[in-house]
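Please read this briefing alongside the sequence and the model.

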Amino acid sequence: MRPIIFGGRFGWLHPGEGTRGVVLCNAYGHESVWSHGGMRSLADRLSASGIPVLRFDYRGTGDSDGADGASDQFETAVDDVRAAIARLREETGVARVTLCGLRLGAAFALVAASQCDVDALVLLAPVASGRSYVRELSIMRNIWLDQLPAPLREAQPKDAPFNVLGQVYSPVFRARLNAFDAVDALKDSVRAPAPDTLIVDVNVGGSEALKKKLEALGGEVESRSFEGYAAFMQETTFSSMPTRVFDAVVDWIAARAAGQAPSPGVALKADWDAGLMLRTPEACEQPVRFGVAGLFGILCLPPAMRDRGPVLLITNTSASAHVGDSRLSVRIARELARRGIASLRFDGRGIGDSASASGARAPVYSSTVVDDVATAAHWLKEQGYRHVVSFGICSGAYSALRAALVGRALSGVISVNLQSFHMPDDMPTDALRRHRPNSIAGYRSSFFELKKWKQVLCGDRKIMPFVRLVLKRVATLAAVRIGAWRHRIAGWSCAQTIPVDPHEILRTLQRKEVSTLFVCGAYDSSLDLMTMYFGPRGKRLSRFSGARTVVLDDLDHSLFSSHAAEQVIGLCSEFVKGLDSRRAPLGRIVKAGSPA
């Protein structure tokens, strides 16, 4: 597969020789992040069957141009689907096109098919009722709010745009979604949007009205059950591929392409276009591939900048692709570019758009992920960047920190809401589900919530996690005191190549002259971690040169709050520029379009 850019949209073209091609239409918001791996897998399966595929990001989403939360998001997304159809035909010469959409992407595909020539439709768990979809989003938002400590929940602006796990929906877009009805969208049609349609739904009866409408318009419609949907549509770390469903979709599409001669149209280019560049108002973005494993990333450059001084290396959070949860990594990168700072957001092996030799991604806490971050840092150093600073949130904070221990390329680390200084390699997924501690401050804020005590008394909420947290904190404090005593007596030993003890980690970073910034939410368990090892709010970090902790009162764990994200971006800018001003001379101006 190779990246392509068309009309401000970023996409991937998967090769194939047939005369039928497929355009994949992503889900939207958090569902797009959770299903990214699945859509890539579906594209790979179709390509392996000889069918060319184009998958892409709508404007205002993913790596494409455009701001988040646009009022006309629905209409522009439909236009994007139509543009993708035209680009697929132009690139491959296919005569027939199948649109395959997931969730809200299925709604975009249905409307787009009514406006242009499409040969077949595949609707995966389609949003047939916008009102029901918005209700689901509201439930998801309320679940997130309920899990927040009371002070953070109360700090959420009442008049802020509708925010679901970091994805902002403008009032106009939300109203447009509320008004959408798949059957009503076809009321003025005189024929079916496509001759053949496959509907794969969680509840087959939920799309029965749509099926009847399509059949009434003369279309052939087949309905199937979306087995394994609940296991698929969840956080990326825990998501399971719906293999049987995807195989059935590939078979259904391939059956319509059977017997067709290879496309006589444009020959597909196998190599990447070295000059490929997406230009936005804030930045110039270049897709890059590096390392023996073929890691993929987006190098985000200011339109004009001084010689390659500092660069921020943005790691994966959990198993989410390089765009970040609800596009957070893209927003960070482009805002930093606006402030004159370059960045690389990339995917580790088996994540997002990077290759995987084994066909499977590594556990989010593993030496493989850490090695990939070190590889990316080394590549940036080879490109001439003077200072490379790794940045990560939660599991990404862990890999960003540990990478500084295994290589020499990093000059700084920004670790946001770090959960542990050391995790067992290849921790199983079930263990990660249990490793989601609350914080002492979070529990303390809940003590005054009558609703939480009612839940405890009714058995809906357990008290033992709090007891275990207190016992763990006491045990850790004792271990820290004993460890410090042993260190003073025996001194540090070089026998352990990569340290696991937090104090030894900081000593190692100090010897390597790596500056470190730990950013913790006041109600996040990361603050408990810093307090256990380095005193209240990490004050004893001052004993290590170049290390400090910043505690933000309204920082939620995943930076879903827009204000929290803005605060962290400000800290990143201050840290990177401060690091560069202390260590680097001024240099010449470099145009962003020049090779990296």
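Apart from its neighbours within four places in sequence, Val-204 is in contact (heavy atoms within 4.5 Å) with Ser-223, Arg-224 and Ser-225. This is a predicted model, in which local features need pLDDT of at least 70 and side-chain atom pairs count only at pLDDT 80 or more, while totals for chains, interfaces and linings use all residues. Residues are numbered from 1 along each chain as its sequence is written, and side-chain values use heavy atoms, with hydrogens and water left out.

**Val-204**
- Val-204 sits in the loop between strand 9 (196-201) and helix 8 (208-216); helices (H or I, at least four residues) and strands (E, at least two) are DSSP runs, numbered from the N terminus.
- From C-alpha to C-alpha, Val-204 is 9.2 Å from Ala-125, and 79 residues separate the two in sequence.

**The chain as a whole**
- The chain contains 20 helices and 21 strands.
- Of its 596 residues, 57% count as buried.
- Among contacts between residues at least 6 apart in sequence, 75% join residues at least 24 apart.

**Strand 13 and its partners**
- All seven of the seven residues of strand 13 (residues 295-301) are buried, so the strand is largely enclosed by the rest of the structure.
- Leu-295, Gly-297, Leu-299 and Leu-301 point one way from strand 13, and Phe-296, Ile-298 and Cys-300 point the other way.
- Strand 12 (residues 284-290) runs antiparallel to strand 13 and is joined to it by seven bridges; two strands pair if DSSP finds at least two bridges between them.
- Cys-284 stands opposite Leu-301 in strand 13.
- Strands 12 and 13 form a hairpin with four residues between them, and Gly-291 in the turn has a positive phi of about 80 degrees.
- Strand 16 (residues 342-347) is also antiparallel to strand 13, with five bridges between them; Ser-343 in strand 16 is the bridge partner of Cys-300.

**Helix 11**
- Nine of the eleven residues of helix 11 (residues 328-338) are buried, so the helix is largely enclosed by the rest of the structure.
- The buried residues of helix 11 include Leu-328, Arg-334 and Glu-335.
- Gly-340, which follows helix 11, has a positive phi near 90 degrees.

**Cavities**
- The count comes to four cavities of 30 Å³ or more. On a 1 Å grid over the protein atoms alone, a cavity is a set of points where a 1.4 Å probe fits but cannot get out, and lining residues have an atom within 4 Å of a point. Grid points are joined across faces, edges and corners, and a volume is the space filled by probe spheres set on the points.
- The largest cavity has a volume of about 320 Å³. Its lining has 27 residues, and Asn-26, Ser-32, Asp-57, Gly-62 and Val-323 lie nearest its centre.
- Strand 2 gives the most to the lining of the largest cavity, with three residues.
- The second largest cavity has a volume of about 80 Å³, and its lining residues include Thr-315, Phe-346 and Ser-399.
- Helix 13 supplies the largest share of the lining of the second largest cavity, three residues.

Note on methods. Buried means under 20% relative accessible area, exposed over 50%, partly exposed in between (1.4 Å probe, protein chains only). On a 1 Å grid over the protein atoms alone, a cavity is a set of points where a 1.4 Å probe fits but cannot get out, and a pocket is an open set with protein on both sides within 12 Å along at least five of seven lines; lining residues have an atom within 4 Å of a point.
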